[in-house]
Amino acid sequence: MATPGIQNGGVSMMAVGPVDQNGHSTAALQRSSPIRIFLFFHKAIRAELDGLQRAAMALATNRSGGDIKQLIDKCHFIRSIYKHHCNAEDEVIFPALDIRVKNVARTYSLEHEGESMLFDHLFTLLDNDTANEESYRRELASCTGALQTSICQHMSKEEEQVFPLLNEKFSFEEQASLVWQFLCSIPVNMMAEFLPWLSSSISPVERQDMRQCLNKIIPQEKLLQQVMFTWMDGIKISSKRKRSEEDPRQNTCSDTPIENTHCICESSKTSESDILSLKSLYHPVDDIYHWHKAIKMELNYIAEAARDIKLTGEFSDLSAFNRRLQFIAEVCIFHSIAEDKVIFPALDAELSFVQEHTEEESEFDKFRCLIEDIESAGANSPAEFYSRLCSQADHIMETIKKHCHNEETQVLPLARMYFTAERQRELLYQSLCVMPLRLIECVLPWLIRSLNEEEARCFLYNMNMAAPASDTALVTLFSGWACKGHRRSDCLSSSETGCPARTLTETQKNFVKSCGYCGNSSIFNESTTFGLASKCEKTVKQENKISLLESSGCSISSTESQKTSLNNRTCCVPGLGVDSSSLGMGSLATAKSLRSLSFSPTAPPLNSSLFNWETETNSSESGFTTRPIDNIFRFHKAIRKDLEFLDVESGKLSDCDENFLRQFSGRFRLLWGLYRAHSNAEDDIVFPALESKETLHNVSHSYTLDHKQEEELFENISSALIEFSQLHENLNANNLTGDLSEKLSCSSECVGNLRKYNELATKIQGMCKSIKVTLDHHVIREEVELWPLFDRHFSVEEQDKLVGRIIGRTGAEVLQSMLPWVTSALTQDEQNRMIDTWKHATKNTMFSEWLDEWWEGNAAGSSQVPTSENISKEYEMHESMNLSDYNFKPGWKDIFRMNQNELEAEIRKVSRDPTLDPRRKAYLIQNLMTSRWLASQQKNSQTKSGEAQDSEDFLCCSPSFRDPEKKVFGCEHYKRNCKLRAACCGKLFTCRFCHDEVSDHSMERKATSEMMCMKCLTIQPVGPICTTTSCNGFLMAKYYCSSCKFFDDEREVYHCPSCNLCRVGKGLGIDFFHCMTCNCCLGMRLLDHKCTEKGLETNCPICCDFLFTSSATVRALPCGHYIHSACFQAYACTHYVCPICSKSMGDMSVYFGMLDALMASEILPEEYRNLHQYILCNDCNRKGTAPFHWMYHKCGFCGSYSTRVIKVEQDPNSST
């Protein structure tokens, strides 16, 4: 097995080891690689999805264990866990990967969006009030199965493509940094659930492995280690931290200095009663006012900065302004999320600020887009931009003020009224924990800077009192971060909470002991660091603090007092060391995802497609000129139509008859075959063309992996349908199909079979839902990501060649099934454009002729109906050529009535027609010139006496044998079981060669309409089998072509639609392909060949037979000319150059070496030694000189002797 890796920007193959029971590679990542933590998560989420699917199937099949409430709880948990995992990937992993390896990450982000829509659809079902209906339960099981399939396929692709790239392109330290940033991007309240769940979902050995992995990922700071491992171990202490009122002296700082350093906390002796006495009517929930105040201050600063820009027209530091805007946007969005997820559910009131929250997010998005427009315009930004910038800033300010006012007047009074002070603190603490660690590190100092000392101490007191005992390390970390934003140099932590530095020191010993680590181990060695976090120093320098705040995306106040507050910090807690500038984005992705989890999203209706992006795609497409490649993507429309059929009709399998099952299976196999052809065309032609562009390396690899997974899904459905069909036959034999409850009186074996039948029907319904969702998602991502690339990177001519190559590798049988299938899903205008594009891409071939022969109605409509104005003139010229060609079809009676002058006039008319193909023109002129004789012969044959005619027919109605001894039907040319009745003379012949050997005219085989079965001697319409009852479906041959009326019972034959002939071989795309330029079928090994336009439409230069229709093997020469293989063998015995262009027919280095030796040994007469000859080399087409010789003249450039003499001239240096 091999896993794709990346080398020099391209895809290479990297050998990996075996896979584990979950199917992912265990050797693709080093055992110590930090990326392994993602494999642990994938294993855990697979187990959760498997449990979800089992619960849904139990509910659908009425088995024990089916509980709708339990199912809803599982869905909520999986959605929450997986959603945050996806958001952290979008925020951290994919932007970092995109810097090193382009064109990989976007498709996985698009898959995250599709999976989010699947969750939305599932929750719409769960909210439905038809839970007791069987169809509802089956639909629910189908949706959970589709969700499981989609997510498992996504994770498998990540394990095969993304994780090896991370392991290859990033060093160990960089991988550890990425994983740490990943963990810090998950909200705190989710981390408290995420790590314990992950730890409990894996084996003890894997758990120990994950602990060691985390030990290398988490910065070597004891407080951070304690926070993370406390979460991982799932320590939950229900009691709150001990209150100061229980023992006011318990948490006061000791007079003993910590490591001989003085902390200002020791002089702070504020009790709870002192704090409450500061404000007699104080409520903890009033801390929300502080948030509002800080947000308004920040927005006011942004509005003032925008006004300054408008006045001065100078935007010197756009990136800093944008970071500040992004920071306040994150704060506002997370503040709104806290309301939706914490405050409002606790109040249990009919309060909803969903509209206000959505409006705020939209306004911030508009603001950022405006800044990006200004940034892209640079110094040329018009004054209108600056006016809009100022107006947008003021509008956001007003929107936020309105929101804050509504919250203060509607929410806070209810919270004060119904909640105790303790409950209010809990809600505030839970609201803070909605944010991820990396944002909290920025937000707390930013918030504290906007408060006075009294307000800051109250805020920290409430936070510390609300935190549970298990969050001791976490709240210590929060308190230390908050202290960094204080204006003064003293620590804000009150005596009730203690100094963070002291708390850290006191908890280290227990932490080390609980984790089982040695105090002298390298994890606590300060010299061992990955550069992910700063050390817990006694004094922190100002520049380090500023760097921390800026790197975290924080907004730094412009006032000098706030800047100097960063000096001389004595509260020493570690930072996370997360640099948002390296991520490519902030926490905004997490915030927006949380928004989707905070209220019920609008999901599509149950009977609609899960992905309704087709309308948007079509609307965006309608305004542009149709491109040739668009017709490849039009297959998606037909695919969606059949997927919808399978999804809907699979729900009827539990109670269906044999005809319905046969129809359903046939429709499924048609879709499977055509989608396989479509996928192969993409893998073999379209995707390599994309990868050939330097800027598009790796863009298609994910879609190739999709095709492999989808093929497996089709195979699984096929196996299930076969088993279901067999079970259906057995139950029909016992008359047991129907409702299980009505058959309880049957034997236990019958009831078991019926139960298995119903379970298998439910399983197939779920598999059909899975394939629908998977393919829906796949084609939509192709349209969103790949489709626009063709317009930007491929010209119309290049797209035409791609379409031609696809048709050149698609067999006639596939096209005959595919075209009606595709066109049934298209409008008439789309059909016309698609057919016109196909004809234009195959204009050098006989494809139009083949198409019109079997699809006359649609093809004629395409030619006669005016195309849109976007169709090019070349298309119109091509259509007029086809129209002229096929409208000129005079019958024998018309020609017989013509006089000589009229006949000559028609011949001259055809000869002057420039639109006719030369080969077609020659055919028409020849038939017109001989038409009077042919017509008279036909008339004479029809006037013969009935007796003579009967006698002739009798002589022809006897069978012929290829092997008379073994009684094998056929002739010397072909083995077949029928004779053909020639349309020209009405006689029966085994093949057209037999006819032409004894007749004075050629047989038009495609005009054949009747045949005679040589077994029953019955003349009947031509077809693959004998229609008489006595023959009982006797095959005329193994191969039959309805277009050529050709039968062959010995060889493998295929019909090429572009040659419009049957040729020997396995088929197009298997061992042959049709080159649209050369207009001939070539072996697959000649994919890279030198094209010669219509190279096969000529005579063999040796025997002069027409190569295009010749049944003999043809050989391609290196120069691009063609010759019969037999003729080549005879010719090459005496010649080594092409008989047409005189280029060498192979590698002649050995022969040319022999000539060099011969020339060196020859001594020319003295009068010829100084002569030179000007020559033209046939191989390199360059002119040069060569010493005089009667036979051999060597090219001085390429060394070839395949040259011709142009001029003989005496050497000017000679004395004669």
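Reader: Are Phe668 and Trp672 buried or exposed?
Author: Both Phe668 and Trp672 are buried. Bear in mind that this is a predicted model.

Reader: How do the rings of Phe668 and Trp672 sit, as an aromatic pair?
Author: They're tilted, with 5.9 Å centre to centre and 40° between the planes.

Reader: And what separates Phe668 and Trp672 in helix α25?
Author: About one helical turn, because the two are four residues apart in α25, which covers residues 658-691.

Reader: OK, what about Tyr1151 and Phe1152, what sort of aromatic pair is that?
Author: Tilted, at 6.2 Å between centres and 45° between planes. Tyr1151 is at 29% relative accessibility, so it counts as partly exposed. Phe1152 is buried, with a relative accessible area of 10%.

Reader: Which aromatic cluster are Tyr1151 and Phe1152 in?
Author: One that also takes in Tyr1136, Tyr1192 and Tyr1201. Across the structure there are 36 aromatic pairs.

Reader: Switching to charges: where does the charged end of Lys967 sit?
Author: Over the ring of Phe961, 5.0 Å from its centre. Elsewhere, Lys157 lies over the face of Tyr108, at 5.4 Å from the ring centre.

Reader: Now strands. How many bridges do β13 and β14 pair over, and in what sense?
Author: Four bridges, antiparallel, with β13 spanning residues 1072-1075. Cys1075 stands opposite Cys1080 in β14.

Reader: What's between the strands in that β13 and β14 hairpin?
Author: Four residues, and Asn1079 takes a positive phi near 55° in this hairpin.

Reader: Which way do the β14 residues point?
Author: Cys1080 and Leu1082 go one way, Cys1081 and Gly1083 the other, and all of them are buried. In a regular strand the side chains alternate between the two faces of the sheet.

Reader: What's the strand order in the open sheet of four strands?
Author: It runs β6-β5-β7-β8, with antiparallel pairing. The edges are β6 (988-989) and β8 (1019-1021), each pairing on one side only. Inside that order, β5 (residues 978-981) is joined to β7 (residues 1010-1013) by four bridges. Cys978 stands opposite Cys1013 in β7.

Reader: What about residues 580-624?
Author: pLDDT stays under 50 there too, with 111 contacts beyond four places in sequence. Where pLDDT is low, the predicted coordinates should not be read in detail.

Definitions and conventions
Residues are numbered from 1 along each chain as its sequence is written. This is a predicted model: local features need pLDDT of at least 70, side-chain atom pairs count only at pLDDT 80 or more; totals for chains, interfaces and linings use all residues. Side-chain values use heavy atoms; hydrogens and water are left out. Buried means under 20% relative accessible area, exposed over 50%, partly exposed in between (1.4 Å probe, protein chains only). Two strands pair if DSSP finds at least two bridges between them. pLDDT is the predictor's confidence in each residue, from 0 to 100. Contact means heavy atoms within 4.5 Å. Rings of Phe, Tyr and Trp (its six-membered ring) pair if their centres lie within 6.5 Å; planes under 30 degrees apart count as stacked, over 60 as edge-to-face and the rest as tilted. A charge sits over a ring if NZ of Lys or CZ of Arg is within 6 Å of the ring centre and within 35 degrees of the ring normal.
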